[in-house]
Amino acid sequence: MTTETPFIRTLIASKLDMKNLALAFVATAVIAIAAQISVPMFPVPMTLQTLAISVIGLTFGARLAGFTLLLYLAEGAIGLPVFANGGAGVAKLFGPTAGFLWGFAGMAFLTGWMVEHGFSRGAFRLFLAAMIPAALLYVPGILGLWSFTPLELTGAFKVGALPFFVGDIVKSVIAAMAVAGGWSLLKNRKSAK
């Protein structure tokens, strides 16, 4: 199978250079802002983080997206208030929402990997590349809730997955449409030259 080029890779070099490092830092700021836009729920708040992560995965590709999310986790671990509701600290990476936080790196990497392997063009393919990793995020998220709270596995599913399904579908549609629109603008710009 041929490897496809993600959107950002079309615009800049593919190696981890200063431009990519700067992109990663900007993207972590976007994720941090998205984490603050939340609906308070316990123990897992509903935020726009997954929307930001999907767009990053859809545009950065696997390696840069995965690196970006590891950088985001490191920022939170050293005390920057980048997690939901201004949360920070190493304890967040080993608490009830730890499965979701660690799962974000896997979600970003898998989204980017899917884009690189046949899902980079067309709104429906981009939607699948965003939705499948978003759905798989529930696995570490629910396991984290089950491990770090008194909830049974079914209870962890009820509070860590059920309230988020519809929102994740909507966020995946928005991410896919935004990236498809970016490809369309790029195509139109190239054909105008």
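**Charged side chains in a predicted model**

In this predicted model, Arg121, Lys187, Arg189 and Lys190 form a positive surface patch. One of these residues, Arg121, lies in the loop between α5 (98-116) and α6 (123-136), and with a relative accessible area of 47% Arg121 is partly exposed.

Side chains of opposite charge can pair when their charged atoms come close. How many salt bridges does a search of the whole structure find? The search finds one, and Asp168 forms a salt bridge with Lys171, where the closest N and O atoms are 3.7 Å apart. Since a salt bridge requires a side-chain nitrogen of Lys or Arg within 4 Å of a carboxyl oxygen of Asp or Glu, the 3.7 Å between Asp168 and Lys171 falls within that cut-off. Asp168 and Lys171 are three residues apart in helix α9 (residues 165-192), and therefore about one helical turn separates them. Both partners, Asp168 and Lys171, are buried.

A further case to consider is Glu75, which is placed in helix α4 (residues 62-77). Glu75 is buried yet has no salt bridge, and the nearest side chain of opposite charge, that of Lys92, is 16 Å away.

Definitions and conventions:
Residues are numbered from 1 along each chain as its sequence is written. This is a predicted model: local features need pLDDT of at least 70, side-chain atom pairs count only at pLDDT 80 or more; totals for chains, interfaces and linings use all residues. Side-chain values use heavy atoms; hydrogens and water are left out. Helices (H or I, at least four residues) and strands (E, at least two) are DSSP runs, numbered from the N terminus. Buried means under 20% relative accessible area, exposed over 50%, partly exposed in between (1.4 Å probe, protein chains only). Lys and Arg count as positive and Asp and Glu as negative; His and the chain ends are not counted. Patches are made of residues with over 30% relative accessible area and no salt bridge: like charges are joined within 9 Å, nonpolar side chains (Val, Leu, Ile, Met, Phe, Trp, Tyr) within 5 Å. Accessible areas come from the Shrake-Rupley method with a 1.4 Å probe; for residues, only the protein chains shown count as cover. The place of a charge is taken as NZ of Lys, CZ of Arg, CG of Asp or CD of Glu.
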